[in-house]
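Let's take a look at how side chains meet in this model.

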Amino acid sequence: MELYIELFVFLAIIFLIVLSNRFIPWLVKAAIAVYYSVISYIFITTKNKIDERYENITPVPDAYWDKNSAWVDKMTGYYLVLFNHSPVHLF
């Protein structure tokens with residue numbers, strides 16, 4: 001679990017900002033919380049599967065680094081998708 005400390009800190013900051021904002025409706029707050037929870041679950045379970053597949057193989061093959069890097073890059077886009085669109089640009 002210490003592998004994901006940065007992720008949990010990121011999520012805590014997002015949840016604190018969203019939940020403490022009194023101008024965001026509760027339905028939107030719930031949707032954001034569910035979105036980040038589901039994305040985190042998918043990210044962690046898939047990352048663990050990739051790690052388990054290449055566990056105890058030395059030296060670590062390039063295929064591991066390629067899959068791992070591609071997965072993290074893809075999920076980073078999903079984590080930051082809400083930051084890429086400001087309300088001004090949506091209209």
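The count comes to 1 salt bridge, meaning a side-chain nitrogen of Lys or Arg within 4 Å of a carboxyl oxygen of Asp or Glu. Lys47 and Asp51 form it, with 3.2 Å from N to O. Both sit in helix α2 (residues 26-53), 4 residues apart, or about one turn of the helix. Helices here are DSSP runs (H or I, at least four residues), numbered from the N terminus.

This is a predicted model, where local features need pLDDT of at least 70 and side-chain atom pairs count only at pLDDT 80 or more, while totals for chains, interfaces and linings use all residues. Residues are numbered from 1 along each chain as its sequence is written, and side-chain values use heavy atoms, leaving out hydrogens and water.

Now for the rings: there are 8 aromatic pairs. Rings of Phe, Tyr and Trp (its six-membered ring) pair if their centres lie within 6.5 Å; planes under 30 degrees apart are stacked, over 60 edge-to-face, and the rest tilted. Tyr35 and Tyr36 have ring centres 5.3 Å apart and planes at 80°, so they are edge-to-face. Tyr36 and Tyr79 are stacked, because their planes are at 20°, with centres 6.2 Å apart.

| Residue | Relative accessible area | Class |
|---|---|---|
| Lys47 | 9% | buried |
| Asp51 | 22% | partly exposed |
| Tyr35 | 27% | partly exposed |
| Tyr36 | 1% | buried |
| Tyr79 | 7% | buried |

Methods
Helix = DSSP H or I, 4+ residues; strand = E, 2+ residues; numbered from the N terminus. Buried < 20%, exposed > 50% of the residue type's maximum accessible area, 1.4 Å probe, protein only.
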